[in-house]
Amino acid sequence: MAGVSTPVDVPIRDESIRLGQFLKLANLVETGAEAKPLVADGQVVVNGEVETRRGRQLVVGDVVSVGGMAARVADGDAEIDVPW
């Protein structure tokens, strides 16, 4: 897709996440309230297709893009390596 950045992997804790929640988690929008009109206006693309359902369930591997930025749903099972 022209004009869209390489997707950044964004890990999730569960097996799926709603589109509106993922947009916020991936920092593609500032607030959940900002996600609603973007999705309703057809400005959000999931796996190359326009998505107008904010409640769409995303799973690992799905790629979401908006405003030239993109994020991929990643498996969140990896533990953070901390020294304590």
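Guide: Start with pairing: two strands pair if DSSP finds at least two bridges between them. Helices (H or I, at least four residues) and strands (E, at least two) are DSSP runs, numbered from the N terminus. This is a predicted model, in which local features need pLDDT of at least 70, side-chain atom pairs count only at pLDDT 80 or more, and totals for chains, interfaces and linings use all residues. Residues are numbered from 1 along each chain as its sequence is written, and side-chain values use heavy atoms, with hydrogens and water left out.

Visitor: Which helices and strands does the protein have, in sequence order?

Guide: The protein has 2 helices and 7 strands. Along the sequence the pattern reads β-β-α-α-β-β-β-β-β.

Visitor: In what order do the strands of the sheet lie?

Guide: An open sheet is formed by 5 strands in the order 1-7-6-3-4, with mixed pairing. Strand 1 (8–12) and strand 4 (49–50) are the edge strands, each pairing on one side only.

Visitor: Which pairs of strands run parallel, and which antiparallel?

Guide: Strand 1 and strand 7 run parallel and are joined by 5 bridges; here Pro11 stands opposite Ala74. Strand 6 and strand 7 run antiparallel, with 4 bridges, and Ser65 has Ala70 of strand 7 as its bridge partner. The hairpin of these two strands has 2 residues between them, and Gly67 in it takes a positive phi near 55 degrees. Strand 3 (residues 44–46) and strand 4 are also antiparallel, joined by 2 bridges, and Val46 is partnered by Glu49.

Visitor: Is Ala74 buried or exposed?

Guide: Buried means under 20% relative accessible area, exposed over 50%, and partly exposed in between (1.4 Å probe, protein chains only). Ala74 counts as buried because its relative accessibility is 13%. In the protein as a whole, 31% of the 84 residues count as buried.

Visitor: Which residues does Ala74 touch?

Guide: A contact means heavy atoms within 4.5 Å. Leaving out residues up to four places away in sequence, Ala74 touches Asp9, Val10, Pro11, Ile12 and Val60. Ala74 and Val8 are 66 residues apart along the chain, yet their C-alpha atoms are separated by 9.2 Å. Among contacts in the protein with a separation of 6 or more, 52% are between residues 24 or more positions apart.

Visitor: Which residues touch the most other members of the largest nonpolar core?

Guide: A nonpolar core is a set of buried Ala, Val, Leu, Ile, Met, Phe, Trp, Tyr and Cys residues joined through side-chain atoms within 4.5 Å. The largest one has 19 residues, and Leu19, Phe22, Leu23, Leu28, Val44, Leu58 and Val64 touch the most other members. Two or more residues each come from strand 1, helix 1 (19–25), helix 2 (32–40), strand 3, strand 6 (63–66) and strand 7 (69–75). Apart from residues up to four places away in sequence, Phe22 touches Val10, Ile12, Ile17, Leu58, Val64, Ala71, Arg72 and Val73.

Visitor: Which residues line the largest pocket?

Guide: On a 1 Å grid over the protein atoms alone, a pocket is an open set of points where a 1.4 Å probe fits, with protein on both sides within 12 Å along at least five of seven lines; lining residues have an atom within 4 Å of a point. The lining of the largest pocket consists of Pro11, Ile12, Arg13, Asp14, Ser16, Ile17, Gln21, Leu25 and Gly76. Strand 1, strand 2 (16–18) and helix 1 each supply at least two of the lining residues.
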